[in-house]
Amino acid sequence: MSAVSGASPRAPRAASLAELPISNSFAALPPAFYTRLAPQGLNAPRLLHANEQAAGLIGLAPEVLRTEAFLDVFSGRAPLPGGDTLAAVYSGHQFGIWAGQLGDGRAHLLGEVEGPGGNWELQLKGAGMTPYSRMGDGRAVLRSSVREYLASEAMNGLRIPTTRALALIVSDDRVMRETVETAAIVTRMSPSFVRFGSFEHWAARREPAMVQTLADYVIDRFYPECRHPVPGAEEGPQAPLVRLLDAVVGRTARLMADWQSVGFCHGVMNTDNMSILGLTLDYGPYGFMDGFRLDHVCNHSDTEGRYAWNRQPSVALWNLYRLAGSLNSVIQDADVVKAVLDRYEGAFTQAFHDRMAAKLGLEAWRPDDEGLLDDLLKLMHEQRADFTLAFRRLSGAVRGDFQPFLDLFIDREAAREWLGRLQQRHEAEPRDAGSRADAMDRVNPLYVLRNHLAELAIRAAAQGDASIIEELLRVLRDPYTEQPEFARYAGLPPDWASDLEVSCSS
């Protein structure tokens, strides 16, 4: 059972793939940045699900998603008309260790579409081996493909910058991971797939001219404001690169605040998984927390806990230092670069406080609110209170219904005492309880993509049933609004969910 989902945000234009306006700007870079090659298509592919909402961003009519031509292109059996298929090279640090050359080991960039929702690169993930596959087989499995397909759309519903997903193609082709699984291809969309590791690659090879070439491309395509001098400031010839770094620092800081505010763990924050545009990129062993732990690790492969929830902001800064070091091969002013990096902590703290103030129903963050928030997180950590529901049920407490919030805690008296402190804090602001609670519901989601929900979708998909994917997309596109018909997706996880593990093969 395949499905085509979601209303497109703007009127579609193209009645066929051949009518899409193609740009291919990344392919215009020097050939050393990539390898041109065709995908290795799946055998007897089947469309499991197509995303009409994402298709609307590139101006593609809904009926095209059901055609044989669409299946051929996005199963890797045919090129995108007008596209220029390639796999990009990059390098990076993985779990804090320099890994050297990496690259698109199982991804093929088909081309770039100039759509009504902006320019979008289309990339197949799982379309076969490339020169950068190393020891891999170039394939993705159904399990990980369903998880990425759902996660990118869920993050977009949470208003968190992310790649998008266009199509999910499945096959009976066998793939060996921990066990034998079936192959799938997910089509990802992004304005760009350039990563921190894309710059590290050339800096490590001691080729600053290539760092400059890539930086010029990124600035001209995505950060044109970095070409504009700051009035009255004395600037050197590499000022645009300094401004680029500053912009990436700001976007990354805000992205980390977004992740922390919804209890999201990325799982593999390697430098090759960090987007130069500040997008959530590469959904592998991610997870939205159920029972809260400050040091929650979602990736079973992360035995040292490097990418635990409470470490994500500092890891992002560590990664920014690696990017900054690469750019400094051209800027050659370590003091200026360090000054830009020093802005990260303040930018993250401001963004995080803004988000958490809204979640707590505060109009503005005050310094003494730090203790209020810390004590809540400590209480949730000690008692494994559900992250999503604890914040969501705060609005009910503001309206006078305290019990649902208190029921999340073993020590209800401690939770009640904390609620009293929050009420006292609210009294220092003028909003009435109803307006405050409504505002809290607009920033505290009721629905997130919990691991067990993704697992239910995976099990159904393995039987060719896309109905749970379809339902979850409907729910997760509007995660702040109560949808009574989908109440089962808003509850506490079942007992069996605690046995689920995700790893780097996920």
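**Pockets, cavities and the domain interface**

Guide: The second largest pocket has a volume of about 620 Å³. Its lining comprises 24 residues, and those closest to its centre are Asp 290, Gly 291, Arg 384, Ala 497 and Ser 498. The model is predicted, so local features need pLDDT of at least 70 and side-chain atom pairs count only at pLDDT 80 or more, whereas totals for chains, interfaces and linings use all residues. Residues are numbered from 1 along each chain as its sequence is written, and side-chain values use heavy atoms, with hydrogens and water left out.

A pocket is an open set of points on a 1 Å grid over the protein atoms alone, with protein on both sides within 12 Å along at least five of seven lines; a cavity is a set where a 1.4 Å probe fits but cannot get out, and lining residues have an atom within 4 Å of a point. Points are joined across faces, edges and corners, and the volume is the space filled by probe spheres set on them.

By class, the lining of the second largest pocket has twelve nonpolar, seven polar and five charged residues. Here Ala, Val, Leu, Ile, Met, Phe, Trp, Tyr, Cys and Pro count as nonpolar, Asp, Glu, Lys and Arg as charged, and the others, Gly among them, as polar.

The largest pocket holds about 840 Å³ of space. It is lined by 32 residues, with Gln 94, Arg 106, Arg 134, Asp 272 and Cys 504 nearest its centre. Nine of the lining residues are nonpolar, twelve polar and eleven charged. At least three come from each of domain 1 (17-193) and domain 2 (197-357), bounds that come from an automatic or database domain assignment.

The centres of these two domains, taken over C-alpha atoms, are 23 Å apart.

Two salt bridges are counted between domain 1 and domain 2, each being a side-chain nitrogen of Lys or Arg within 4 Å of a carboxyl oxygen of Asp or Glu. Asp 282 forms a salt bridge with Arg 188, with the closest N and O atoms 2.6 Å apart.

The largest cavity has about 130 Å³ of space, and its 15 lining residues include Phe 26, Ala 88, Asp 104, Phe 193 and Val 194, which lie nearest its centre.
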